[in-house]
Amino acid sequence: MTNLSFDFRDRTVIVTGAGRGIGQAIAARFVEAGATVLAVDLDEAALHAAAEATGATPVIADVSSTADVERTVAQA
């Protein structure tokens with residue numbers, strides 16, 4: 001397997017579904033690559049646990065809600 005190196009310093013990334021599973025793993029990898037990560041999920045408890053584990057900033061939002069999406073992007 002090839003070891004890919006990504007540099008996301010000075011970048012902000014929004015990861016939806018970051019409370020668990022693949023979303024959490026993606027958030028963790030972006031944090032490792034130096035990005036400021038906004039981890040987005042509806043499940044508050046799972047999101048806070050994932051954010052604590054990854055170092056991402058938790059954002060409770062429903063991506064089917066235009067207002068929540070706009071708020072999240074503004075925060076980014």
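Reply: In this predicted model, the cover over the buried residues of helix α2 includes α1 (21-32), β2 and β3 (57-60).

Me: Which residues of α2 are the buried ones?

Reply: In α2, which spans residues 44-54, they are A46, L47, A50, A51 and T54.

Me: What makes these buried residues line one face of the helix?

Reply: Viewed down the axis of α2, the buried residues fall within an arc of 130°, so they line one face. On the other side of α2, A45, E52 and A53 are exposed.

Me: Why is D41 called buried?

Reply: D41 belongs to strand β2 (residues 36-41). Its relative accessibility is 12%, and buried means under 20%, so D41 counts as buried.

Me: Which residues are in contact with D41, leaving aside its neighbours within four places in sequence?

Reply: They are G17, A18, G19, R20, L47, V59, I60 and A61. V59 is 18 residues from D41 in sequence, and their C-alpha atoms are 6.7 Å apart in space.

Me: How do you know that the side chain of D41 meets the distance cut-off with G19?

Reply: A polar atom of the D41 side chain lies 2.9 Å from the backbone nitrogen of G19. The cut-off is 3.5 Å, so the pair is within it.

Terms used: Residues are numbered from 1 along each chain as its sequence is written. This is a predicted model: local features need pLDDT of at least 70, side-chain atom pairs count only at pLDDT 80 or more; totals for chains, interfaces and linings use all residues. Side-chain values use heavy atoms; hydrogens and water are left out. Helices (H or I, at least four residues) and strands (E, at least two) are DSSP runs, numbered from the N terminus. Buried means under 20% relative accessible area, exposed over 50%, partly exposed in between (1.4 Å probe, protein chains only). Contact means heavy atoms within 4.5 Å. A polar contact is a pair of N or O atoms within 3.5 Å; within protein, one must be able to donate a hydrogen and the other to accept it, and residues adjacent in sequence count only if both atoms are side-chain atoms. The arc is that of the directions from the helix axis to the C-beta atoms.
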